[in-house]
Amino acid sequence: MTAKKKSSTPKRRSSHSRTTHKGRLHRLLFNRVTLFMTLSLAIISLAYVFYLDVRIRHQFEGKRWSIPARVYARPLELFPGKAMVPSELVTELKRLGYHEVETPKAPGEFHLQGARLELFTRAFTFWDGSEPARRLDLRFERNYLQQISNQDDGLAVSLFRVEPIQIATIFTSHYEDRLLIRLSDLPEYLPDILTLVEDRDFYQHHGVSPKAIARALVSNLRAGRTVQGGSTLTQQLVKNFFLSNERSLWRKANEAIMALLLEFHYDKDEILQAYLNEIYLAQDGRRAIHGVGLASQHYFGLNVTQLNLSQQALLVAMVKGPSYYDPRRHPERALERRNLVLGMMAEHGMVSVTQAHEAQQQPLGVNQRSHQRLTSYPAFVDLVKRQLHQDYAEEDLRSEGLRIFTTLDPAIQKAAEGAVSERLDYLERYYGIDQNRLQSAMVVAHPGSGEVTALVGGRDPRFAGYNRALDAVRPIGSLIKPVIYLNAWEQPLRYNMATLLEDAPMTLESEQGREWLPQNYDKKTHGRVPAYQALIHSYNLATLQLGMELGVNKVIASLRRMGISRPLNIYPSLLLGALELTPLEVAQIYQSLSNGGFSSPLRAIRAVVSLDGKPLQRYALEVKQAADPRAVYLVDRALQMVVEEGTAKALGELLPRELHLAGKTGTTDELRDSWFAGFSGDLLAVVWLGRDDNQPAGFSGSTGAMPIWAEMLRRAGSEPLRLLPPEEIEEQWIDSQTGLLSDEGCAHVLKLPFIVGSAPEQQSGCEKREGGTEQRREVWYKRWFR
Amino acid sequence: MIKKNALSLIPVLMVLSACVTPPMQETQPANTHPVVRGQAQANSAVASLLVDARSALRAGESDRAAAYLERALRLEPKNPYVWHQLAEVRLYEGKLLQARQLAARSNALAGYDARLRQANKSLIERSYAPPR
């Protein structure tokens, strides 16, 4: 194509300069390049609109939940030889809705007579098989379930499980709960009040309302500030989907386009219903309350269908600004706006003036605290949800009617909750602390499998708020020490339980480059002490010396192997517990210590099954060797000694010694945090006690968290800890003062385990014990005659 | 003389009372469980689960076999035979790393059972063998 010369153009009609410009304009418009650019712009815009379309439809479809997922606790396994008393089974059966009758004739009935329980079970399909309904005869004796037989054929039953208790109903495609409502469920006025106040032309516009924008503009100009918004309900719905504080022009433009797209795809009723289920109406701690269904529960403790006129008006009034018009925090504002809404309703003839007047006289009717009863175990279900989102594909979670089988043990959960709330109340009363200042969290798990059996997120277990067990990140103090000693004892040629450490003052450099003089809890120094003593009495100085010899990075490497993935600072202060973890993470560390050094990720879900019975990807049991089992055995023995004679000695007054518990106390600076981590034969638990405002709670590990731990264990009941020494472990008599090899008859000796080849070879001088002379001679003779 | 007779009765009475058993009492069930629970004696339960697991694995249904074994482990977490069986399942499934870890777990609990130790050792060796 030949380039047109500027000087000659056949299109020029006159010599007027304006025509020249017009001509130029024409040429500009129809120029190929311009055409190309316009076309590309159009394509890009179209593509962008298409992208927005996909996004908004994805959001909309994703929120159209109908059948929620059922969440189950662990099923109770019954077998001859189970340590159980009849009342425990009866408690479970009652929770399952079983009836106590004279003679069980139908599934769901039982009869208890002394030590004999007749049971007609209900059929249930688990994720890995089913249990038929059958009539069973169970005999108990001496705290054991001794015998199970099938009443129909007289045959013995070696194992069966009762159906699991359903603990929650959740919508799995997002974190927050919803109380789904359908338009037809709503009370008479609510949808109309909404459209009246927020979007008068709702049924006329196509997503964006120029009328509303104009109206808003006029009102705002008149008032001199923003008093009205011009957004339609559709636009507000879009805004709620992508909740963001950003109110830029770009954002608004996007929302407008998406609103138009929504109206293109869905009808008015669908949009209105989605709106009423999605609108953000309240904040409950960390939990956002969306939808009128949930908001009714939250504010009034009522079902949305039960709301009266003034309550409905209040809900709509809050839409404009749930925090600004929060009826609990700003009751006057809320009341004013609610009455304004009621006035509008009368103005538009929705209700009579008398009705409106009456409603305006009524108090707000809002209750003080929300009592969410969607789930009885919000902290545990919170963990379930997080693990679901972590380990399952989003599409799978959108499926309806999933069945989620969890690891929760309701009996242990009850014990944990009771221990926490009673103990905190007691401490506050006894020490004259302000009510509700102290807080606590607990994680209970099964050592062998890593299954979380109970989770307590705060002192009020029914309150679905801040989940301290999963989110309170606190310095762990002395709880780190066993990991340091573990690391040391994994090097048997250098360290053993009797290795002498120097518990002496040292000066280090802190992170800020200043001088740091660490101290022991009792402010004393203890000179040369055997390693085990430094651990069981939690000596800071000796442990710090050991840790520095090993290297902080080595200790961090151990933590990583034990399942801690969060970023950590490689400072020496880490060795004294200046690292912050959640109670769940601490439990993860102690899980491998309680399982012979084999780490299993703590999990709350056993399996998820779709509505048609197909199991989704299963949470298989996995182990990973995180530490040398021989060194772990030594640490476990030391942790038992912590309870026998160390910092957790007081536990012996709270729980029977035959349990041979292992544990570790932890206290942080100025008594801010109180920790206790410990395990028995079948139970591992971590307790944290402190204050949300991070002020000193005033309790050490053994006076704060430990008694809560003990109370939980007392209520739950537990098997004694039986440590099985791995191969290559031998026992030797050691002089506790010198750390050297000694003999049974000598003074201040004790028997310690050693990895073969690591025991001290040097003999200690032997002070005879009282009456020891005779013993020593006997021993000598015995050896001679071997 | 009466005294002597009476005294001589004592050993007789003692023997008699030893032979007499008290009347059968219905064992009163405890209202609450003890704090110290007895160790679970899950032998027969675990045995039947092991049998089910083995037959499931033979039928090629490794998922089902694993489920039986995990159930058994919940009853007896320190049973080295169950850990070994689970290692076999994972080996079958080609999850070699896990198979080795599970075999190591079994070994850590095997104590002086030489045969089991050998079985775990050979399992670990097999996991390093090239795939068929």
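Start with both chains in view: 54 residues of chain A are in contact with 41 residues of chain B. The model is a predicted one.

**The interface as a whole**

Show the surface between the chains. About 4000 Å² is buried between chain A and chain B, and carbon and sulfur atoms give 55% of that area. Now select A:Leu621, A:Val623 and A:Glu727. In chain A, these residues lose the most area to chain B, together 13% of what that side buries.

Next, look for charged pairs. Five salt bridges are found across the interface of chain A and chain B. Pick A:Glu131 and B:Arg71. Their side chains meet in a salt bridge, 4.0 Å from N to O.

The largest share, four residues, comes from α24(A). Colour this side of chain A by class: 24 residues are nonpolar, 12 polar and 18 charged.

**Helix α7 of chain A**

Move to residues 249–265 of chain A. This is helix α7, with 17 residues. From first C-alpha to last, α7 reaches 25 Å, close to the 24 Å expected at 1.5 Å a residue.

Show its side chains. Buried residues of α7(A) include A:Arg251, A:Asn254, A:Met258, A:Leu261 and A:Leu262.

Technical notes:
Residues numbered from 1 in each chain as written. Chains lettered and ligands numbered in written order. Predicted model: local features only at pLDDT ≥ 70, side-chain atom pairs only at ≥ 80, totals over all residues. Heavy atoms only, no water. Helix = DSSP H or I, 4+ residues; strand = E, 2+ residues; numbered from the N terminus. Expected span 1.5 Å × (residues − 1). Buried < 20%, exposed > 50% of the residue type's maximum accessible area, 1.4 Å probe, protein only. Contact = heavy atoms within 4.5 Å. Buried area = accessible area lost by both parts, 1.4 Å probe. Nonpolar A, V, L, I, M, F, W, Y, C, P; charged D, E, K, R; others polar.
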